[in-house]
Amino acid sequence: MKRFYPVNIGFRTFHQQIKLRRLFTKPCIKICVSSVALNRHFSNYGNFYVNPNTDTTRSTSARTRSYSCSSTSPHIGKGDQIKQGWLRRGVATWSPLAAAFNNCSSIKRPSFNLLSQKTGLFGYKVLQEPDGFYLLKEEAMLETDKLVREATSQNRTRKMVQIFDELSDTLCKVADMAEFVRIGHPQNRFAKAAENASMAISGLVEKLNTNRELYNALKKVTQEGDIVLTNPVDEHVAELFLFDFEQSGIHVDDLMRERAVALNEYILHIGSHFVNGTNQPKSVLKSQLPENIRQCFSIEGESILVTGLFADSENDLVREAAYKIYLFPDSHQAKLLDELLISRNELANLCGFPTYAHRAVRGSLAGDPQTVKEFLDILSDGLRERAQNDYNDMLQLKRSKNRYESQIMPWDIPYYTAVAKQNRFNIKNSDFCPYFSLGICMEGLNNLFQSLFGTTFDVEECCPGELWHKDVIKLSVHEEGSILGYIYCDFFERPGKPHQDCHFTIQGGRQLENGTYQLPVVVLMLNLPSPTWSSPSLLTPGMVDNLFHEMGHAMHSMLARTPYQHVTGTRCATDLAEVPSILMEHFSSDPRVVLQFAKHYQTGAPIPHSLIEKWNASKQLYSASETQLQVFYAALDQVFHGEHPLNKSTTEILADVQNQYYGIPHVPNTAWQLRFGHLVGYGAKYYAYLMSRAVASCIWQVYFKDDPFSSSAGERYRRGVLAHGGSRPPRELIQDFLQRQVTPTTLAESLLNDIDGKV
């Protein structure tokens with residue numbers, strides 16, 4: 001997938017990103033959007049519910065569902081049997097895992113054991129009905145009061161960090177599950193109840209963020225030591241909790257703290273309005289456009305509505321007009337952005353940071369804005385000549401249509417990139433799709449993870465009421481007979497489903513006091529084509545990359561074994577959280593890996609090696625100019641969130657930064673930054689995707705380039721990176737694993753090697 005922003009970002013609403021991150025959460029990305037959250041083991045709430053996902057002792061064999069498919073079905077007519085040839089030829093050799101994902105829903109075996117007891121969402125009996133969210137919220141509030149009393153008690157016997165982590169888990173087990181249900185459940189009554197619960201927990205978190213007694217108890221432990229013996233992980237996690245506390249301004253005087261709370265609310269409000277404005281169409285009078293291109297746009301009376309950049313139009317004038325109209329400065333959006341940046345800077349200053357960027361980057365792999373700038377500057381210098389070669393090549397294509405053309409413009413780049421790929425490689429998605437049925441891809445992932453980590457996927461039999469849609473498939477992740485966690489796969493498109501690829505943490509893993517481990521539970525949400533009578537779900541190469549990417553997030557959650565859920569799996573610094581998912585894209589591009597699983601769904605023939613080579617070459621084409629664009633975005637984000645006052649308008653700053661970091665000059669009277677909604681969700685962190693990509697490239701070069709199936713390398717990666725989540729400082733973690741210093745120079749060089757195809 002061609003990403004406009006770091007993927008796999010957190011998928012909490014902006015409201016929750018502001019409020020819940022402050023004290024009791026660690027965001028997962030990217031991203032994804034993102035992927036976030038924390039959820040802990042439920043104790044029984046009266047007789048209402050038991051969460052089966054925390055039962056680590058039960059046998060797995062009785063819960064594993066196997067699939068078979070006969071060549072015909074009683075209700076398939078003779079004429080339909082020709083279309084069902086893929087069933088006869090393919091399913092007979094499919095594994096149970098592949099069959100589960102390849103069978104179309106209308107002929108799939110029932111996904112529920114009819115003798116099973118009915119349950120609710122994710123196995124919580126209380127969530128058979130939407131009102132269950134109210135009960136979960138009330139239980140969380142009661143438990144929160146109890147834990148706050150314990151943390152502030154003079155007679156405390158547990159580690160402070162254990163109490164805080166349980167407090168975090170208590171809150172987020174409701175908030176994170178509710179946030180997913182709000183977004184992903186097809187029934188509005190469930191979505192609304194989940195939203196109400198989420199808002200209630202947000203209010204409780206806001207209250208906790210101003211609890212001075214609780215803050216002082218934690219601060220005393222971090223400064224003087226705990227009454228119980230602690231280790232470096234305990235101390236690091238306690239510092240993270242303290243930092244989250246102080247981001248809310250609890251450590252300042254009452255007047256300043258009230259101002260900090262008000263600023264947070266204002267930033268939330270302004271950011272929401274700004275994001276809403278980024279996708280609004282622009283209207284101009286028909287008379288302002290040449291008559292010969294008016295029909296290319298939507299016409300409403302005497303006005304023309306421009307809804308986007310029309311980057312795929314063959315008409316140069318259409319692309320130019322769309323670019324200049326759609327990006328024309330909007331005074332209201334400009335005011336909202338100004339207010340957002342000024343308010344963020346004031347908030348950072350109140351909390352003791354020189355800039356908002358310092359606040360956002362603290363505790364990350366980069367560590368500080370100066371390191372980010374150095375990384376971007378070195379990368380920019382290395383990309384300049386490489387990107388210029390790309391632009392020269394595009395200009396030659398443009399001149400093939402009009403030999404008098406003298407330069408490439410911003411509206412040309414997406415179009416001529418697509419033209420170049422088609423001209424040189426002459427490939428289309430339909431060439432690849434027959435070899436990438438979803439089931440075969442899942443089998444390929446399963447075999448890869450078995451080689452690397454010794455883990456396997458099994459399809460779980462679900463109880464009635466556990467799933468929110470009939471097409472969701474639940475996987476358990478196994479290792480030597482024990483279950484490591486659960487992945488709910490919500491992969492197929494449907495009306496009303498958000499059009500985004502996401503990783504949601506429903507429950508984070510953590511060590512329980514009884515010696516067992518609370519199992520991680522996640523949801524992967526994709527938008528793949530549904531199986532039909534004539535074929536299983538067939539994926540484009542870009543969809544395969546996305547599947548591998550999101551599964552990288554999921555396995556990060558599954559394989560982390562941190563004592564605290566606050567730092568498990570993807571709950572780590574943004575510039576570290578994307579590393580495992582981007583690393584998986586190296587595997588999905590490696591011919592040795594793809595040839596192991598990609599087979600035609602009808603004939604079983606392996607994918608031609610030449611097709612893989614063409615696809616990889618097409619992805620590599622113009623990668624320097626594409627990366628240069630991302631560097632420009634990241635640099636602009638840093639400047640906006642750097643020293644204030646800015647002393648120039650955001651559009652003037654945009655022009656300066658674009659002319660410094662990007663090979664295509666700024667077009668006067670355009671204000672691209674007013675369409676850049678990710679300034680809200682990724683303020684001062686847009687660089688993270690580039691840095692994660694550089695780290696992933698380093699890991700690939702050192703450990704997997706020679707053998708992508710190496711079990712020894714996989715084990716080292718699992719124990720050295722994935723197992724730790726965010727429980728160790730990111731730079732220390734990566735340097736220990738790579739056994740080399742991680743500097744802006746080494747990271748930039750690694751990424752440049754990736755661009756040059758040396759990886």
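Are F632 and W672 buried or exposed? F632 is buried, and W672 is buried too, where buried means under 20% relative accessible area, exposed means over 50% and partly exposed lies in between (1.4 Å probe, protein chains only). The model is predicted: local features need pLDDT of at least 70, side-chain atom pairs count only at pLDDT 80 or more, and totals for chains, interfaces and linings use all residues. Residues are numbered from 1 along each chain as its sequence is written, and side-chain values use heavy atoms, with hydrogens and water left out.

A search of the whole structure finds 35 aromatic pairs. Rings of Phe, Tyr and Trp (its six-membered ring) pair if their centres lie within 6.5 Å; planes under 30 degrees apart count as stacked, over 60 as edge-to-face and the rest as tilted. One of the pairs is F432 with W615, which is edge-to-face at 5.9 Å centre to centre and 65° between the planes. F432 belongs to helix α16 (residues 429–432) and W615 to helix α22 (residues 609–620), so this pair ties together parts that are 183 residues apart in sequence. Helices here are DSSP runs (H or I, at least four residues), numbered from the N terminus. F432 counts as buried because its relative accessibility is 2%.

F632 and W672 form a tilted pair, 5.8 Å centre to centre with 40° between the planes. F632 lies in helix α23 (residues 623–640), while W672 is in the loop between α24 (650–661) and α25 (678–681), so the pair ties together parts that are 40 residues apart in sequence.

One aromatic cluster includes F587, W700 and F704. Helix α20 (residues 579–589) packs against helix α26 (residues 688–704) at about 55°, with the axes 8 Å apart. Axes are lines fitted to C-alpha atoms over the stretch in contact, and angles run from 0 to 180 degrees between N-to-C directions. α20 is therefore oblique to α26, given that angles under 35 degrees count as roughly parallel, over 145 as roughly antiparallel, 65 to 115 as roughly perpendicular and the rest as oblique. α20 is mostly covered, with 11 of its 11 residues buried.

Definitions and conventions: Helices (H or I, at least four residues) and strands (E, at least two) are DSSP runs, numbered from the N terminus.
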